[in-house]
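Visitor: I'd like to learn how to read a structure feature by feature. Could you walk me through one?

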Amino acid sequence: MKYINNLLAAILFIALMVHLPLQAQERERVNFSLQNVKIEDFIKMVGKVTNKNVLLSQPIPGTVNFISSSPIYKDELMSILLSVLGKKGFTIIENGSYLKVVRANTAVKENLPVVNYNKSGLMHTTFIEVENENVDIIAAKVRQFLSAGGKLLTIKETNTMIISDNPDNIKVIEKVVAKIEAQKSKHLQVEFILLKNAKASRLAATVIKISKNIINQKVAINKVDILSDDATNSIIVMASRTNIKKLVPIVKRLDAKDDANSQRLTIISLEHSEAKNVVTSLTAILDKKKYLKETDKPMVSVYEELNAIVVSATEEDIKDIQQMINILDIEKPQVFIRARIIEIVENEAEQIGIKYGIAGGAATDAGLFSFAANLGGSSMVIPDGLLDLSGVSYDAGIVFGATLDYLESNGAAQRLSEPTLLCVNNQESTIYVGKTEPVVTSSTQGNQSTDLARNTYTREDIGLTLKIKPRLSSGNKVTMIVTVKLEDISNSSIPGLPSTVKREVITNAIVPNGQSVILGGLISDKERSEAQGIPYLRDIPWLGGLFDWKSTSHEEINLVIMLTPYIVRSDEDISKIHKILSDLDKIQNDYQSLIERKLEERLENTDHSEDKKETTDTLNIHNVDEWK
């Protein structure tokens, strides 16, 4: 009975709706309530209201209860029906002039109408184009808004979605897509940044690294794309306006003119060192330094005319190279060497020693030392004004020099050379004292007796070669590597073809600053022939030999080299040394005079002693005679 009453109420409601004027039907509100109405009967009621035939191919069990506390729009009846059918897995589609109840999961296969919007509220198919985002990303986000029977497909080629669903669901999806598109369009902007100095392709890589560190790109709206356009030398930034504002100042700062990274050319003059030696050291250092590009590597070359170095490098590298040059181009210490090369005739030196009663007259190292000491070396006094060159002792050098001068003045020595050298520390210097003489190498006699002999000559360097390589040592001393080579011509066993004699001494000596070292031992033998006679008488045939005397003497010549090094640490030391040497020469001359005076006194004392002895011997003889 209750069911019949509900059905009559529904029929009466529908009859009233049919007879109402058209204007009253638009969005008309009605009171509507259902209790335990079968779903099939509810479908019939909605069909009559919409004036649509409904095909129900299979029964749908269940009842409908709708409790209305306020009036509803009558055009919402279809939505209520669709909701009821949806709970049972069914839906309603248009099939020509009638409606059809079908399974919701197969509705898309029932040739749904393709329209932008279906006013009937029934399922249809529509296309949604996506402009600012990947369609698959959008589809993943809106798929949850589909109904139980709704379907969604994507077309990547056109970045489009195909959706089959109820109008309300499709409308929600369209709103969501539009919102996402609007946000994407709002956040994603393109900015072209024209570069003035930097190269776009090189700068883009740096900007990409910076953007990853300062912007959280895991968030979709913070995604940043950076491209380079070499044609316009521009950086293209695709990001939100906020992120673009962050990146533009960075790009402009990186594009600022950077003189430090641009190579320039400069010339660095040297004061103390040779440019080619410094360039060799710089090249060895720069070759070990790594650069991103070979073109960034500094270039150094020699400018010999100015003794300068030409550098092509960045400002930073030029500063580094200048610091290295300052270290390499320091004022190098030098050594001023005074050499005395003297030939001493040992026979004459021994005679002088015997004459004056002095031991050690031989021309050897030990002999010169003892000879100098016996000539009064202990009485040597050096003025205080000569002691301003640090660590120098002059006593021994002056005594040696005075001794050699004395031997020279008495014919026992001959000074060959007295050169001075200013040597750079640890570099070799050479002195050559001698001459070049022609030497017969072969002789050819003609076939005729009247033919002259034809001699072949070669030129030989005859003399002394002195090589010195000084090196400063600790304790204000000088280590000298000395090479002495003596070349001479001697008689050969083959008449007319002389031979050359070479003698060489190589030694290392550590000498205190200002003191002397004597090198000897280069001994040669010479035969000296002398002829004397009474003029005119010695020329008489047969009898001239009675008035002519000939003598032959044998001499041993000892070559003595005296070397005195002085350390020169600055230019001021050179002028100071010259003044000191001038003063020492004066003192040496005075000392030589002292030696000569003492020797004369010794000779007089010796003669007086001998005279006194002879007188005493005579008196003793007279006393003996008287005693007898």
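Guide: Let's begin with aromatic pairs: rings of Phe, Tyr and Trp (its six-membered ring) pair if their centres lie within 6.5 Å, with planes under 30 degrees apart counting as stacked, over 60 as edge-to-face and the rest as tilted. By this rule the count here comes to 1 aromatic pair. That pair is Phe 336 with Tyr 566, tilted, at 6.4 Å centre to centre and 50° between the planes.

Visitor: Which strands do Phe 336 and Tyr 566 lie in?

Guide: Helices (H or I, at least four residues) and strands (E, at least two) are DSSP runs, numbered from the N terminus. Phe 336 belongs to strand S17 (residues 334-345) and Tyr 566 to strand S25 (residues 548-568), so the pair ties together parts that are 230 residues apart in sequence.

Visitor: And are Phe 336 and Tyr 566 buried or exposed?

Guide: Buried means under 20% relative accessible area, exposed over 50%, and partly exposed in between (1.4 Å probe, protein chains only). Both Phe 336 and Tyr 566 are buried.

Visitor: Before we go on, what kind of model is this?

Guide: It's a predicted model: local features need pLDDT of at least 70, side-chain atom pairs count only at pLDDT 80 or more, and totals for chains, interfaces and linings use all residues. Residues are numbered from 1 along each chain as its sequence is written, and side-chain values use heavy atoms, leaving out hydrogens and water.

Visitor: What does the protein chain look like overall, in helices and strands?

Guide: Its secondary structure comes to 14 helices and 25 strands. Of its 628 residues, 36% count as buried. For contacts (heavy atoms within 4.5 Å), take those with a separation of 6 or more: residues 24 or more positions apart account for 66% of them.

Visitor: How many salt bridges does a search of the whole structure find?

Guide: A salt bridge is a side-chain nitrogen of Lys or Arg within 4 Å of a carboxyl oxygen of Asp or Glu. The search finds 9. One of them joins Lys 100 and Glu 110, with the closest N and O atoms 3.6 Å apart. Lys 100 is in strand S7 (residues 98-103), while Glu 110 is in the loop between S7 and strand S8 (124-129). Lys 100 counts as buried at 19% relative accessibility, and Glu 110 as partly exposed at 26%.

Visitor: Which residue pairs with Asp 317?

Guide: Asp 317 forms a salt bridge with Lys 289, their closest N and O atoms being 3.4 Å apart. Asp 317 lies in helix H10 (residues 315-328) and Lys 289 in the loop between H9 and S15, so the bridge ties together parts 28 residues apart in sequence. Asp 317 is buried, with 8% relative accessible area, whereas Lys 289 is partly exposed at 37%. Salt bridges with shared partners also bring in Asp 320, joining Lys 289, Asp 317 and Asp 320 into one network.

Visitor: What about polar contacts: which side chain does Ser 273 meet?

Guide: A polar contact is a pair of N or O atoms within 3.5 Å; within protein, one must be able to donate a hydrogen and the other to accept it, and residues adjacent in sequence count only if both atoms are side-chain atoms. The side chain of Ser 273 makes one with the side chain of Lys 332, at 2.4 Å. Ser 273 sits in the loop between strand S14 (264-269) and helix H9 (275-287), and it counts as buried at 7% relative accessibility.
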